[in-house]
Amino acid sequence: MTRKPAEERRRDLVEAGLRVIAREGMHGATVRAIVAEAGVPLATFHYVFDSRDQMIGEAYAYVVLPRVGDVPMPFPDDASPVDAVRAVLHDWVDRFAEHPEYELAVMEIMAYCTRTPTLAHLPGEVQARYVEIVSTVISAICEQLDVEPQQPLEELSQLVLHITDGLTYCMLRTGDAAASRRFVEAAAPMLTAAVMGER
């Protein structure tokens, strides 16, 4: 049998940890529960991680990092600004609907990190990374549509995150992705006006 590289084992354990946290909360995410979910021996966990908290920190970053360098442009070059913004927001909702357990786990992890001194720096770092990613998306949209952002990128990114965070919390509470898609239709013109000065 071919042995998996350590990096692949780390990823498997992180993904298993996210599933356990989403299903049972942080209190249920013991090392034994995580290795059982991953289907690996307990020794494997201690081979690739120094502690459960180290794995939790990696799990928090893991949900953000796949979005880096994979900026979706799910609209044609001749799309209007509002259609482009609408398409990107719908794409975000679709990605959420595919893996809602990741967002639920992130909320559990964020609360845990905030209360854990050795991990308390992570929520701020993750937020800064989100701002960076959203700024990249806004810049790419504006470049593709040949328009200029009407406000500083960081402020626009914070606005987008407030909207997507609101969508996240509502979908987690209600499970109603269709309602979130209707909200996207209402929010797209407002967000377009803020970003590009157009309706």
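**Entry 1: I138**

I began with I138 and asked which residues it touches beyond its neighbours within four places in sequence. I138 is in contact with L153, L156, S157, V160 and V195, where contact means heavy atoms within 4.5 Å. I138 lies in helix 7; helices here are DSSP runs (H or I, at least four residues), as strands are runs of E with at least two, and both are numbered from the N terminus. I138 is buried, with a relative accessible area of 6%. I noted the scale: buried means under 20% relative accessible area, exposed over 50%, and partly exposed in between, with a 1.4 Å probe and protein chains only. I138 and L153 are 15 residues apart in sequence, and their C-alpha atoms are 7.6 Å apart in space.

**Entry 2: ground rules**

This is a predicted model, in which local features need pLDDT of at least 70 and side-chain atom pairs count only at pLDDT 80 or more, while totals for chains, interfaces and linings use all residues. Residues are numbered from 1 along each chain as its sequence is written, and side-chain values use heavy atoms, with hydrogens and water left out.

**Entry 3: the whole protein**

Next I stepped back to the whole protein. I found 9 helices and 0 strands, running α-α-α-α-α-α-α-α-α from the N terminus on. The C-alpha trace spans about 55 × 35 × 35 Å along its principal axes. Of the 199 residues, 42% count as buried. Among contacts with a separation of 6 or more, 69% come from residues 24 or more positions apart.

**Entry 4: two helix pairs**

I reminded myself that two packed helices are described by the angle between their axes and the distance between the axes. The axes are lines fitted to C-alpha atoms, for helices over the stretch in contact, and angles run from 0 to 180 degrees between N-to-C directions.

At what angle do helix 7 and helix 8 pack? I read about 105 degrees for helix 7 (residues 122-145) and helix 8 (residues 153-174), with the axes 8 Å apart. Helix 7 and helix 8 are therefore roughly perpendicular to each other. On this scale, angles under 35 degrees count as roughly parallel, over 145 as roughly antiparallel, 65 to 115 as roughly perpendicular and the rest as oblique. Helix 7 brings Q127, Y130, V131, V134, S135, I138 and S139 to the contact, and helix 8 brings L153, E154, L156, S157, Q158, V160 and L161. By class I get 8 nonpolar, 5 polar and 1 charged. The classes are: Ala, Val, Leu, Ile, Met, Phe, Trp, Tyr, Cys and Pro nonpolar; Asp, Glu, Lys and Arg charged; the others, Gly among them, polar.

Helix 1 (residues 6-24) and helix 6 pack at about 80 degrees, with their axes 8 Å apart. That makes helix 1 roughly perpendicular to helix 6. E15, L18, I21 and A22 of helix 1 meet E101, Y102, L104, A105, E108 and I109 of helix 6. This contact has 7 nonpolar, no polar and 3 charged residues.

**Entry 5: the core**

Which residues of the largest nonpolar core touch the most other members? They are L18, M55, I56, F75, I109, I141 and M196, out of 60 residues in that core. Helix 7 gives the most to this core, with 10 residues. A nonpolar core is a set of buried Ala, Val, Leu, Ile, Met, Phe, Trp, Tyr and Cys residues joined through side-chain atoms within 4.5 Å. Setting aside neighbours within four places in sequence, I109 touches L18, I21, M26, I56, A59 and Y60.

I also looked up A84, which lies in helix 5 (residues 81-98). A84 is buried, at 0% relative accessible area. Not counting residues up to four places away in sequence, A84 touches F75, A79, I141 and L145.

**Entry 6: aromatic pairs**

How many aromatic pairs are in the whole structure? I found 3. Rings of Phe, Tyr and Trp (its six-membered ring) pair if their centres lie within 6.5 Å; planes under 30 degrees apart count as stacked, over 60 as edge-to-face and the rest as tilted. F45 and F49 form a tilted pair, 5.3 Å centre to centre with 45 degrees between the planes. Both F45 and F49 are buried. Y62 and Y102 form an edge-to-face pair, 6.4 Å centre to centre with 80 degrees between the planes. Y62 lies in helix 4 (residues 52-64) and Y102 in helix 6 (residues 100-115), so the pair ties together parts that are 40 residues apart in sequence.
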